[in-house]
Amino acid sequence: MGAGRRTLSGVRLGAGGVAPVALLALAVLAAAFLCLLAGPFEIGAGRALAILFGAEEGTREARVILGIRLPRVLAALLVGAALAAAGATYQAIFRNPLVSPDILGVSAGASLGAVLGIFLALPVAAIQGMAFAGGLGAVALVSAIGAAVRGRDPVLILILAGVVVGALAGAATSLLKVMADPYDQLPAITFWLLGSLAAVTGGDLWPTLPAVAVGLVPLVLLRWRINVLSLGDEEARTLGIEAARLRGLTIVCATLVTASVVALAGVVGWVGLVIPHLARMITGPGFGRLLPAAALMGAGYLLLTDTLARTMATTEIPLGILTAVVGAPFFLWLLMRGRRGWA
Amino acid sequence: MRLAAEGLAIGHGRVRVAGGISLSAGPGEVLCLLGPNGSGKTTLFRTLLGLIPALEGEVTLGGDPAGRLSRAEIARRVAFVPQAHLPVFPFPAREVVLMGRSARLGAFAQPGPADREIAAEAMERIGIADLAERDYTRLSGGQRQLVLIARALAQEAPLLVMDEPTASLDFGNQARVLGEIAALAGRNLGVVLSTHDPDHALALGTRVVVLHEGAIAAEGAPGEVLTAELLTRVYGVPVSVETLPGGRRVCVPAIG
């Protein structure tokens, strides 16, 4: 049997180390440039390049590219990469290819925080802060429940606790929606819950970027141990891994990554569930290659989706709707392929 | 390096499975653990490996209480071969074997060429070098068992604990693995293994411990301990022990 992995069409690609990741990176870069050109205000490729390299300043075109499209393209790349990377991580450490970044109540907690912020009419930065705190708070609560219930499968307890905390946060969010001002606050809440990059400015990216980086760096460094942990707690422990500690650290990192981008973009579903699957088909399950591939594919996927969201119709389509429309049927197809699809 | 247990009581939380267990295995020894289903063999192994705490007594590895050693230190002293299982993600067999090197890597380190070399040698030894690139999840139960044994060898620990290493193997692979275990003991590894087949204990055990009804029912040299009377009592079916021409002894249960 040759050294290769099954891909979507059943063709074997070389499992070679850097090539797929480097190709993906190039493809994402090219896509990012093309998406900079997309929009109602037409700007040619040459002119856009000139603007990007600082040869043109102060014109209307420069303001559109640098002030409006570039932050949005960068935000889409960042959010997509972060969600897919977090999804790949959660799937590995929970040994379940069906879990997603919101499995531990991150999204539900972050939503509650943000909706509370909108309800209290706080400024945008404070709303993002509340979303971040809500996401981390939900996971802290889930972890505390996991630590309190002993003598059972710790992974199962964490996932069930995530469902419970997520449901509670969802109930509180619904209560706030009922109480919110239907003309002013409710549309803002709804839009946020559907996920959108429409309001992102260059300034929003700066606090998000380091938070995502701080979460991703330990995941990259621990990539070998995360592989071992995906065999199961007991087996990892007999191989010399402190399983509970490693999983705790990994959850904190992946949650930091997720909560930071949920605070920026709202709830964008499906990316963290579907993209790691696709990436795994190309790179195999080895986390060292899976993580960068998933991040790049997530970045590319969300970039294309967001570009569609802002150009398809005269009114902006919320991102969460598009990712669900694309993601849900794809996921169904994955399920129907059976266990082979985990490859 | 010796693995030893003294006055061990095992169980989960408040549920006591067995007690009064003392055993020891060192270089060149093969300690076979026999006992009917549910007698606590797996619980005993989990306790010996420090995965669950002992209810009473203490496990020592090379003289140090296992409870005071880090997981990495335990893994450098004792390698464990679990029963073949099906993990979720299809790692190539080569990578599964390579995971045996984890206890010797720093927290942020990746296995290097030397580790890959050791993993390849371990697969070569077990005779599964041709499985290296195959997905572990697509191997047969027996092949997976052999991969796990190779992984334990790659761990390079002086002690080896094996939970029913022959359980999912066919006739030929059983003999092959038993031969490999004898060879490992010949290279001065200490082996503790559980088995459902008293013949295996007779064939390669230097000592045997029989676990029955929450205590050690018998302990000693397999040839002396494994009598027809003991096996009949422990397994609840009439068993006779025969000697083959050439001197090897086999256990024959009555069927029907």
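Q: What phi does Gly13(B) take in the hairpin of E1(B) and E2(B)?

A: This model is predicted. In the hairpin that E1(B) and E2(B) form, 2 residues lie between the strands, and Gly13(B) takes a positive phi near 60°. The strands on either side are E1 (residues 3-12) and E2 (residues 15-25) of chain B, paired in the antiparallel sense over 7 bridges. One position along this pairing is Ala4(B), which stands opposite Ser24(B) in E2(B).

Q: How should I read the pairing of strands in a sheet, and in which order do the strands of this sheet of chain B lie?

A: Strands of a sheet pair through backbone hydrogen bonds, and the pairing is either parallel or antiparallel. In chain B, an open sheet is formed by 4 strands in the order E2-E1-E4-E5, with antiparallel pairing. Its edge strands are E2 and E5 (64-65) of chain B, each of which pairs on one side only.

Q: How many bridges join E1(B) to E4(B)?

A: E1(B) and strand E4 (residues 56-61) of chain B are joined by 5 bridges and run antiparallel. Two positions may be followed in the model. Leu3(B) has Leu61(B) as its bridge partner in E4(B), while Ala9(B) has Glu56(B) as its partner in that strand.

Q: Is Cys32(B) buried or exposed?

A: Cys32(B) belongs to strand E3 (residues 30-34) of chain B. Its relative accessible area is 1%, under the 20% cut-off, and therefore Cys32(B) counts as buried.

Q: Which residues does Cys32(B) touch, leaving aside those up to four places away in sequence?

A: With those set aside, Cys32(B) touches Leu193(B), Ala201(B), Gly205(B), Arg207(B), Val208(B) and Val209(B). Cys32(B) and Pro87(B) are 55 residues apart along the chain, and 27 Å separates their C-alpha atoms.

Q: How should I read a salt bridge, and how many does the structure hold over all chains?

A: Side chains of opposite charge can pair when their charged atoms come close. Over all chains, the structure holds 22 salt bridges. One of them joins Arg2(B) to Glu29(B), with 3.2 Å between the closest N and O atoms. This pair links distant parts of the chain, 27 residues apart: Arg2(B) is in the segment before E1 of chain B, and Glu29(B) is in the loop between E2 and E3 of chain B. Arg2(B) is partly exposed, at 36% relative accessible area, and Glu29(B) is also partly exposed, at 22%.

Q: Are Asp115(B) and Arg101(B) buried or exposed?

A: Both Asp115(B) and Arg101(B) are buried. Their side chains meet in a salt bridge, 2.9 Å from N to O. Asp115(B) lies in helix H4 (residues 113-126) of chain B, whereas Arg101(B), 14 residues apart from it, lies in the loop between helix H3 (93-98) and H4 of chain B.

Q: Where do Arg233(B) and Glu229(B) lie?

A: Arg233(B) and Glu229(B) both lie in helix H9 (residues 228-235) of chain B, 4 residues apart, which is about one turn of the helix. Their side chains meet in a salt bridge of 3.9 Å, N to O. Arg233(B) is partly exposed at 46% relative accessible area, whereas Glu229(B) counts as exposed at 55%.

Q: Which residues are linked in a network of salt bridges?

A: The network links Asp64(B), Glu73(B), Arg76(B) and Arg77(B).

Q: How is an interface described, and what area is buried between chain A and chain B?

A: The size of an interface is often given as the accessible area lost when the parts come together. Between chain A and chain B, about 3,100 Å² is buried, and carbon and sulfur atoms give 59% of this area. Trp224(A), Thr238(A) and Leu239(A) supply 24% of the area that chain A buries against chain B, more than any other three residues. The contact takes 33 residues from chain A and 37 residues from chain B.

Q: How many salt bridges are counted between chain A and chain B?

A: The count is 2 salt bridges between these chains. In one of the salt bridges, the side chains of Glu235(A) and Arg151(B) meet at 2.7 Å, N to O. There are also 11 residue pairs in polar contact between chain A and chain B, with both residues at pLDDT 80 or more. On the side of chain A that touches chain B, H9(A) provides the largest share, 5 residues. By class, that side has 14 nonpolar, 7 polar and 12 charged residues.

Technical notes. Residues are numbered from 1 along each chain as its sequence is written. Chains are lettered from A and ligands numbered from 1 in the order in which they are written. This is a predicted model: local features need pLDDT of at least 70, side-chain atom pairs count only at pLDDT 80 or more; totals for chains, interfaces and linings use all residues. Side-chain values use heavy atoms; hydrogens and water are left out. Contact means heavy atoms within 4.5 Å. Buried area is the accessible area (1.4 Å probe) that two parts lose on being put together, summed over both. A salt bridge is a side-chain nitrogen of Lys or Arg within 4 Å of a carboxyl oxygen of Asp or Glu. A polar contact is a pair of N or O atoms within 3.5 Å; within protein, one must be able to donate a hydrogen and the other to accept it, and residues adjacent in sequence count only if both atoms are side-chain atoms. Ala, Val, Leu, Ile, Met, Phe, Trp, Tyr, Cys and Pro count as nonpolar, Asp, Glu, Lys and Arg as charged, and the others, Gly among them, as polar. Two strands pair if DSSP finds at least two bridges between them. Buried means under 20% relative accessible area, exposed over 50%, partly exposed in between (1.4 Å probe, protein chains only).
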